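Work through the exercises below with the structure open beside you. Try each task before you read its solution.

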Amino acid sequence: MEFVRNHIWQILIILNYAIALSAVVTILLKKVNPTKALSYIIGLLAFPFLGLIVYYLFGQEHRKTKIFSRKNVLNQSVVKKIQETLELETKAISEVDDLLDQKSKLIPLLYNSEKSKLTINNDVKLIKNGDDKFKLLFKDLKEAKHHIHLEYFVIKDDIIGTELLNILCEKAKEGLKIRIVIDDVGSSISSKMKRQLKDSGIEMNPFMPVMFTKFTGQMNYRDHRKITVIDGEIGYLGGINVSDDYVNANNKRYWRDTHLRIVGEAVKPMQILFFTTWDFVSNSELEISKDYFPEHNCKENVPLQIAASGPDTDWSNIMEAIFVAITNAEDHVYVTTPYFIPNSEIVTALQVIARSNKDVKIIIPKKSDSWIAEYATNSYLELLLEAGVEVYRYTKGFIHAKTMVVDGVFSTVGTTNMDYRSFNINFEVNALIYSKDISHQLTEFFKADLKDCDQLDLQTWRNRSKRTKLIEAVARLMAPLL
C-alpha cells in the first residue's frame, strides 16, 4: 500500500493509457469516419483522463443500441394501412419528371433508404421568423378538435412558451389528447409548469433524460426535431423552437428563421414519425387508432417528402439527399445554415459544382452563438472561396434558418444543420419540396437576407492572423465532437 501511495500518479497514468489504448483499438475496429476517429485518438492520447471523459460522454455508442424500438409502431395494422395508402396515392415518379426537371432522382433515394413516401396533395406555407409562426400556430391550436402532438428540442416556459403551454392546458381540459416530447438537454420547464401540465391531463415525456442538463449541452443523440401535429390534419416543422429567443418581439437579438405549415398527405408521415418517438420515450404499449390519420381534402398539389434521420436509421438520409441535390445542380445552389461544419462529401460537392461555373451561395451567421463552432466554420471557408463559392455572413442578428434551394425547383426546410452532429448524431427531420413556387419564395427570402450580409473576399480572408488560423485549425480538428 505504501508503494501505491508513493506512486499513485504513475499508476493512474499507466491505467489511463491502458484504457485509452483499448479505446483506440475499439475506434479503429469500428471503421468510423477517419477525421472523427483521429480526433478521438488524439484526445485519448494527448489529454490523460480528460480524453477518456470526453470519449465516454461523446464517443461511446452504448446508448445507441437502445435507441428507438420502432416495431411497436410500424407493425401496427393502422400504420401499415396508412403507409400502404400513401403508396397507392403516390403518383408515379415519371408523371412528375417534367415538374421536377429531373430532380426526381432524389425520390427513389429517400424511398429506398427510409421508406419516405412522395406525397402530392399538400398545401405548404412558408413562415418567416417566430413571430409569424406562433400567430399561426396558436390559432391552429385553439381550433384543434381531437389531439395535439408536439416534439421539440427546445421548449421553455418563458413568455412565449408559457402562452403555448397554457393553450395546451385549456385544450386538454376540453378533452383533447395532448402529448409532448421534449429533449431533456435542450428544454427547460419549471416544476410548477410540469405540475400544471400533468394536472390538466397532458402527457409529457423527456427524450433520453440526463442528470445534469447544464453540463451536457453537447451530449450525443439528442432529439433536435421541431414537430407539431394537430388533429392529424396540420403539421409544422422547421428551425423554430418554443422560446423567447425565437420571437423578435421578446428578444433583444434579431433572430432570423424559417418554418413550414403543412396541410395534406405529408402530415401522415409526420404523425407516424411522432408516434415512433412517443413509443420510445413513453415506455408503454401504444395503440394507434385511425382517428389520428383522418382523410384530408387538400386540393393543392405540392410534392414533398418527409425525411427523417438519426442514429436509428441505416443511412444518413438527409445528408444524402442534400448531397444528391447539390451534385445534380445545373444552375444554382443557395444554402442557409447557422452551423457549417460539413463532412468531406458536402465540401467536395460544393467545390465541384462551384468550379463547374454554377452559382453557389452560402449564408452563415457572422457571429455565432458558439465561439468554437464559429471558428470551426471559418476553417472551411477558404477552401470554398478558392473554388468559387460565394460566402455571405449575416450581420443583422443571428440566422438560424436551415434551408437550401437548387435550380429553383427543389428546396428543403427543416431542422438539419450542415454539420457532423445533424448529419450523424442527432435526430432530425426535413421536408424535401419539389415545387417551383416554394423554391421561388425561398429564393426571395434568400435574396432579402443577402442585403443584411457581408460578402467574404478571398484575399482579405487569407490575410487573417496566424493566431486566428491556428485556433480555427484546432476547432476544425474538434469538429466531429461538436
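The exercises that follow use a predicted model.

**Exercise 1. A buried charge**

Task: Find where Asp257 sits, and list the polar contacts of its side chain.

Solution: 
- Step 1. Locate the residue. Asp257 lies in the loop between β7 (255-256) and β8 (258-264).
- Step 2. Look for a charged partner. Asp257 is buried but has no salt bridge. The nearest side chain of opposite charge belongs to Arg256, 5.9 Å away. A salt bridge needs a distance within 4 Å.
- Step 3. Look for polar partners. The side chain of Asp257 makes a polar contact of 3.0 Å with that of Trp255. Another polar contact, of 2.7 Å, links the side chains of Asp257 and His400.
- Step 4. Leaving out residues up to four places away, Asp257 touches Ile127, Lys128, Asn129, Gly239, Ile240, Tyr246, His400 and Ala401.

**Exercise 2. Positive phi**

Solution: 
- Step 1. Read the angle. Phi of Asn129 is positive, about 80 degrees, although Asn129 is not a glycine.
- Step 2. Asn129 is in the loop between β1 (122-128) and α9 (130-142).
- Step 3. Check burial. The relative accessible area of Asn129 is 9%. Buried means under 20%, so Asn129 is buried.
- Step 4. Asp231 sits in the loop between β5 (226-230) and β6 (234-238). Asp231 has 9% relative accessibility and counts as buried.

**Exercise 3. Cysteines**

Task: How many disulfides does the structure hold? Are Cys169 and Cys453 buried or exposed?

Solution: 
- Step 1. Recall the bond. A disulfide joins the sulfur atoms of two cysteines covalently.
- Step 2. Count. The structure holds zero disulfides.
- Step 3. Check burial. Cys169 has a relative accessible area of 2% and is buried. Cys453, at 12%, is buried as well.

**Exercise 4. Nonpolar cores**

Task: Which residues touch the most other members of the largest nonpolar core?

Solution: 
- Step 1. Start with the general pattern. Nonpolar side chains tend to be buried together in soluble globular proteins.
- Step 2. Find the residues. The largest nonpolar core has 78 residues, and Leu164, Leu168 and Met404 touch the most other members.
- Step 3. Follow one of them. Beyond residues up to four places away in sequence, Leu168 touches Leu141, Ile148, Leu150, Ile178, Ile180 and Ile202.

Technical notes. Residues are numbered from 1 along each chain as its sequence is written. This is a predicted model: local features need pLDDT of at least 70, side-chain atom pairs count only at pLDDT 80 or more; totals for chains, interfaces and linings use all residues. Side-chain values use heavy atoms; hydrogens and water are left out. Helices (H or I, at least four residues) and strands (E, at least two) are DSSP runs, numbered from the N terminus. Buried means under 20% relative accessible area, exposed over 50%, partly exposed in between (1.4 Å probe, protein chains only). Lys and Arg count as positive and Asp and Glu as negative; His and the chain ends are not counted. A polar contact is a pair of N or O atoms within 3.5 Å; within protein, one must be able to donate a hydrogen and the other to accept it, and residues adjacent in sequence count only if both atoms are side-chain atoms. Contact means heavy atoms within 4.5 Å. A disulfide is a pair of cysteine sulfur atoms within 2.5 Å. A nonpolar core is a set of buried Ala, Val, Leu, Ile, Met, Phe, Trp, Tyr and Cys residues joined through side-chain atoms within 4.5 Å.
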